[in-house]
Amino acid sequence: MGRSAVRITADTTVLVRAAVRDDPLQARVAADMLARAELIGVPLPVLCEFVWVLLRRYGRSAGDIAGSIRDLADSTNVRLDRPAVDAGLAILEAGGDFADGVIAFEGRRLGGPVFASFDGRAVELIAATGAETHLLSTA
């Protein structure tokens, strides 16, 4: 099936249906749309939600999710912020939260080089990437 001239922004439900296939009709519609689209824009919040849903609702492993995101990112018709996605994947695969990696990356790009959080695990994992961090404490 050839690609049509449609350019879409995929929301989380489209990506989840295509990945999980727990609703056969929606899965087919989502997969068909993704296959036919000339361009698929995938905003970072969609990927953060996608990871959260697959981990929490469907019990998928971080490795499986990272593989799905890499497959998506490598698709010729997909546009996403690859450096930010790679930063999120690095933290996800290290046992942390994909969103924390994206947040730290985006913050640095916006001029805030120090990742500050009350979340000790997030600070530890972000620091392990070589980024500057600050663990906040109320003590």
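Biologist: Which residues of α6 are buried?

Modeller: In this predicted model, the buried residues of α6 are F98, A99, D100, G101, V102, A104 and F105. They pack against α3 (44-56), α4, α5 (82-93), β4 (114-117) and α7 (120-128).

Biologist: What makes the span of helix α6 close to the expected one?

Modeller: Helix α6 covers residues 98-109, twelve in number, and reaches 17 Å from its first C-alpha to its last.

Biologist: What is found at the start of α6, and what just after α6?

Modeller: At the start, a side-chain oxygen of D97 comes to within 3.0 Å of the backbone nitrogen of A99. Just after the helix, G111 adopts a positive phi of about 105°.

Biologist: Why is N77 called buried?

Modeller: The relative accessibility of N77 is 4%, and buried means under 20%; therefore N77 counts as buried. N77 lies in the loop between α4 (62-73) and β3 (78-79).

Biologist: What does the side chain of N77 reach, and which residues does N77 touch beyond four places away in sequence?

Modeller: The side chain reaches the backbone oxygen of L34 at 3.2 Å, and a polar contact requires N or O atoms within 3.5 Å. Residues touched by N77 include R3, A37 and I40, besides L34.

Biologist: How do you know that the charged end of R57 sits over the ring of Y58?

Modeller: The charged end of R57 is 5.2 Å from the centre of the Y58 ring, and the distance cut-off is within 6 Å.

Biologist: How many aromatic pairs does a search of the whole structure find?

Modeller: The search finds zero.

Definitions and conventions:
Residues are numbered from 1 along each chain as its sequence is written. This is a predicted model: local features need pLDDT of at least 70, side-chain atom pairs count only at pLDDT 80 or more; totals for chains, interfaces and linings use all residues. Side-chain values use heavy atoms; hydrogens and water are left out. Helices (H or I, at least four residues) and strands (E, at least two) are DSSP runs, numbered from the N terminus. Buried means under 20% relative accessible area, exposed over 50%, partly exposed in between (1.4 Å probe, protein chains only). A polar contact is a pair of N or O atoms within 3.5 Å; within protein, one must be able to donate a hydrogen and the other to accept it, and residues adjacent in sequence count only if both atoms are side-chain atoms. Contact means heavy atoms within 4.5 Å. The expected span of a helix is 1.5 Å times one less than its number of residues. Rings of Phe, Tyr and Trp (its six-membered ring) pair if their centres lie within 6.5 Å; planes under 30 degrees apart count as stacked, over 60 as edge-to-face and the rest as tilted. A charge sits over a ring if NZ of Lys or CZ of Arg is within 6 Å of the ring centre and within 35 degrees of the ring normal.
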